[in-house]
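Trainee: I have a new model open. Please show me how to read its overall build.

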Amino acid sequence: MSVVLLKEAASLLLLFAGLFLWFWGSWPLLEVRPLLDRLHKLTVSDSLGSLLMLLGLLIRRPDWWPLYGLAMLGLMLWNTIFGYVVARGVHQSRRLNAKAQELGDAS
């Protein structure tokens, strides 16, 4: 087997694995579970799937490594910050709801 064929097979494997993770993470959105559980599954599988796809593309076009590297770095930072912002917003929303119920019960 030639090196070109091995690179092509590895690239396709990574691309399809990433695509599989995209669909696998999207499926829990249809389940009846808490929203944060569904979002967590979606963001983790989406991040890993996207990184695998970028690695697959990097194998195909190694001369574009700076672009793929920046895309991977941006993806990791964006998903981490977005997860933190969503969790913080939900936490504050729950605190405000508890405080409103407490004030409503006091009157």
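**Reading a helical fold**

Mentor: From the N terminus on, the elements run α-α-α. This is a predicted model, where local features need pLDDT of at least 70, side-chain atom pairs count only at pLDDT 80 or more, and totals for chains, interfaces and linings use all residues. Residues are numbered from 1 along each chain as its sequence is written, and side-chain values use heavy atoms, with hydrogens and water left out.

Trainee: How many helices and strands does the protein have?

Mentor: Helices (H or I, at least four residues) and strands (E, at least two) are DSSP runs, numbered from the N terminus. Here there are 3 helices and 0 strands.

Trainee: At what angle do the axes of H1 and H2 cross?

Mentor: Axes are lines fitted to C-alpha atoms, for helices over the stretch in contact, and angles run from 0 to 180 degrees between N-to-C directions. H1 (residues 3–26) and H2 (residues 35–60) have axes that cross at roughly 165° and come within 7 Å. H1 is therefore roughly antiparallel to H2 (angles under 35 degrees count as roughly parallel, over 145 as roughly antiparallel, 65 to 115 as roughly perpendicular and the rest as oblique).

Trainee: What is the radius of gyration of the protein?

Mentor: The radius is taken over C-alpha atoms; the globule rule is 2.2 Å times the number of residues to the power 0.38. The protein has 20 Å, while a compact globule of 107 residues would have a value near 13 Å. Its C-alpha trace spans about 80 × 30 × 10 Å along the principal axes.

Trainee: What share of the residues is buried?

Mentor: Buried means under 20% relative accessible area, exposed over 50%, partly exposed in between (1.4 Å probe, protein chains only). Of the 107 residues, 18% are buried.
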